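The sequence and coordinates come before the comments.

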Amino acid sequence: MMIKGIVRRVDGLGRIVIPVETRRMLGLKEDPYVDMYLDGQIIRIKLAVLVETKGIVRRLDNLGRVTVPREYRKLLHVAEGDEVDMYLEGNEVCIQKAVYGCGWCGSSKELYEVNGHHICKACAYDVVDTVVREKEKESGRL
Ligand SMILES: [Zn+2]
């Protein structure tokens, strides 16, 4: 899996919900202003300290949503309905485009989703081959 935290969807207005526990941990409950800046392919969000902001200051709405600026969404290639991976690093919330990987080898190519888990075609075939071989052994013993 390449997902580091929780997966959230970007809504039609470019908003992402920051979970209540995370907001509480970062002290965003009483003071809902966040400082949002880009770090490569990661959007970093932290409590805004107005004398030393690093990026764009935004206010969380009463549902804990923050609007990600259009230019940030463009750079990260996230649009309405896309999934983002949200995780904590120190006192910052990190948001990245969600990239799924095979739970066996980490590959992000030709993925199947099985009961909420991802497996690539090559690994799925290996599993099937192993199961088939075991079945043949079992039936040979009978
Ligand atoms: Zn795999």
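**Notes on the predicted model**

1. Confidence by element. For the protein chain the mean is 91, with 98% of residues at 70 or more.

2. Basis. This is a predicted model, in which local features need pLDDT of at least 70 and side-chain atom pairs count only at pLDDT 80 or more, while totals for chains, interfaces and linings use all residues. Residues are numbered from 1 along each chain as its sequence is written.

3. Sheet. Six strands form an open sheet in the order S1-S7-S8-S4-S3-S5, with antiparallel pairing (at least two DSSP bridges between two strands). Its edge strands, S1 (6-9) and S5 (56-59), each pair on one side only. S7 and S8 are joined by six bridges, and Glu 89 stands opposite Glu 92 in S8.

4. Core. The largest nonpolar core has 18 residues, and Val 34, Ile 45 and Val 66 are among those with the most contacts inside it. Such a core is a set of buried Ala, Val, Leu, Ile, Met, Phe, Trp, Tyr and Cys residues joined through C-beta atoms within 7 Å, where buried denotes 20 or more other C-beta atoms within 10 Å of a residue's own, with C-beta atoms placed from the backbone.

Conventions:
pLDDT is the predictor's confidence in each residue, from 0 to 100. A residue is buried if 20 or more other C-beta atoms lie within 10 Å of its own, exposed if 12 or fewer, and partly exposed in between; C-beta atoms are placed from the backbone. Helices (H or I, at least four residues) and strands (E, at least two) are DSSP runs, numbered from the N terminus.
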